[in-house]
Amino acid sequence: MANVLIVDDDPYVRELLIEFLTPYHYTLMAAETLSECLTLLPVGKFDLILLDINLPDGNGLEILPEIRQSASAPEVIIFTAEGSAAGAKTAMDNEAWDYILKPFSEQEILLNIKRALEFRASKKALQARFESIFDRSDIVGTSSKITTCLNLAAQCAKTDTNVLITGPTGTGKELFANTIHKNSNRKNAGLIVVDCAALPEQLVESVLFGNVKGAFTGADAARDGLIKKADGGTLFLDEIGELPLAIQKKFLRVLQERKFKQVGGTKVIASNFRLISATNRNLDDMAKQNTFRRDLLYRIKTFHIELPALQECREDIKPLTLHYIHKLCEHHGFETKGFKPDFLKMLESYNWPGNIRELITSLEKAILANADASILYPNYLPQHIRLHHIETSIQNKSENNKIHKKTGSEINPLSLQLPDKLFNPVQSLKQVKKYTAVETEKLYLDHVMRLSKGDLEKTCELAGISKSRLYSLLKTHQTLSKP
Ligand SMILES: Nc1ncnc2c1ncn2[C@@H]1O[C@H](COP(=O)(O)OP(=O)(O)OP(=O)(O)O)[C@@H](O)[C@H]1O
């Protein structure tokens, strides 16, 4: 059953679409504004969004990139009363399924919805096939950011183009390079890893290009360089930003021709390698400062994968923790250890400047802190992580106190202010009761959605209601606020 979100500020259009589409067994939700749509987007697992353009808080076309990059990346059908060629182009550029002018006939919209959903189903089937072929190896994580990077890596693997992988330290650049190589048709030849930061400046050239005997003092034998060793396979230049400018110029020529000469040599040597480069430096800035050649940057960046910092995909901390506890326990010869919920909470609230590498070393320290323990407690974690947790708790508490002082409200978030219209002139008890019930339900729902940060399953759990009941309440009130 497909999940469909209708985004229109006109209640008549929303109701009409809901009424018309109900017999087709879609799970329908509605939003009035862009911000409501964006609040529902990460939690609704939508297959399709019917999106109006002119909404009270902005233009629907502006959120198309965000919709496309969301975890469920739903199809979008735009419908608008005021069509324009520019709007239609923006919609198509952002891969919207169709651009329909109001008023539309029921048959027209139904046909479009059916086609968009059929297209989505076949796209999903293809994706599943691709995932079964692509070996993601040890790459853990299901966040939308990691999924986007994995999809890009899979596309790169099928081609022979140059790939640049960027991202802060410890985010998996080398792991991704390995995975691309393992999934490419060069996998049977080698992956030659060159750490450009570790190459002594006077030897960079001969290490990369090789040298003939006697080319320089100490060159007592001819040597093949790493570029030659990568023939038929993949050359991985890690920390490419550290390559000296003079070598960058020479390397650019190799990239263009896949041919070069050894240091001191005259013979032209060929090497058919695929290049993957990585860096945690900003090469565009370096190019502006003339410390990295712009022409080389263009060449190496045919495909660009930008890995996220761990704090940008916190939902991956749990699967990474489970994966590495198991792996590390096995490595140290322990039974896999469990952990207390506040152990994970502490990991999830830390900012991880060293990213996944720092998470792994922290887990290892926690595992070794008490070798006999079968359960990991927060106090096994390194001190700086515990301190960070205490500091943020104190900060949050004082901020909450400030808010309460400012609004003068007590802890109860459901204090309902009854409006004058109920008493002036005084309304019947039945009407006051009805008003109170509806508004309390609305406040309660809003509060629980905030508490659960928009997670619908958690909201159902806290409120003790089923998902379908929650959907119907959300539909009734349509008062979602950002979590
Ligand atoms: N998504 C991931 N899933 C599982 N393990 C990961 C993931 N990303 C990184 N790691 C692990 O984290 C560690 C650091 O990864 P890696 O060396 O690839 O990072 P890097 O970005 O190349 O770091 P640096 O810039 O410091 O060289 C490795 O042990 C790697 O296996």
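Predicted model: local features only at pLDDT ≥ 70, side-chain atom pairs only at ≥ 80, totals over all residues.
Local features need pLDDT of at least 70 and side-chain atom pairs count only at pLDDT 80 or more, while totals for chains, interfaces and linings use all residues. Residues are numbered from 1 along each chain as its sequence is written.

Visitor: How many residues surround the ligand?
Guide: A residue is near a molecule if its C-beta atom, placed from the backbone, lies within 6 Å of it. The closest ones include Val 140 and Lys 173. The number surrounding the ligand is 17.

Visitor: Which domains does the shell around the ligand lie between?
Guide: Domain bounds come from an automatic or database domain assignment. Two domains both give residues to the shell, so it lies between domain 2 (144–308) and domain 3 (314–388).

Visitor: How are H13 and H15 oriented to each other?
Guide: Axes are lines fitted to C-alpha atoms over the stretch in contact, and angles run from 0 to 180 degrees between N-to-C directions. H13 (residues 317–332) and H15 pack at about 50°, with axes 10 Å apart. Angles under 35 degrees count as roughly parallel, over 145 as roughly antiparallel, 65 to 115 as roughly perpendicular and the rest as oblique. H13 and H15 are therefore oblique.

Technical notes: Helix = DSSP H or I, 4+ residues; strand = E, 2+ residues; numbered from the N terminus.
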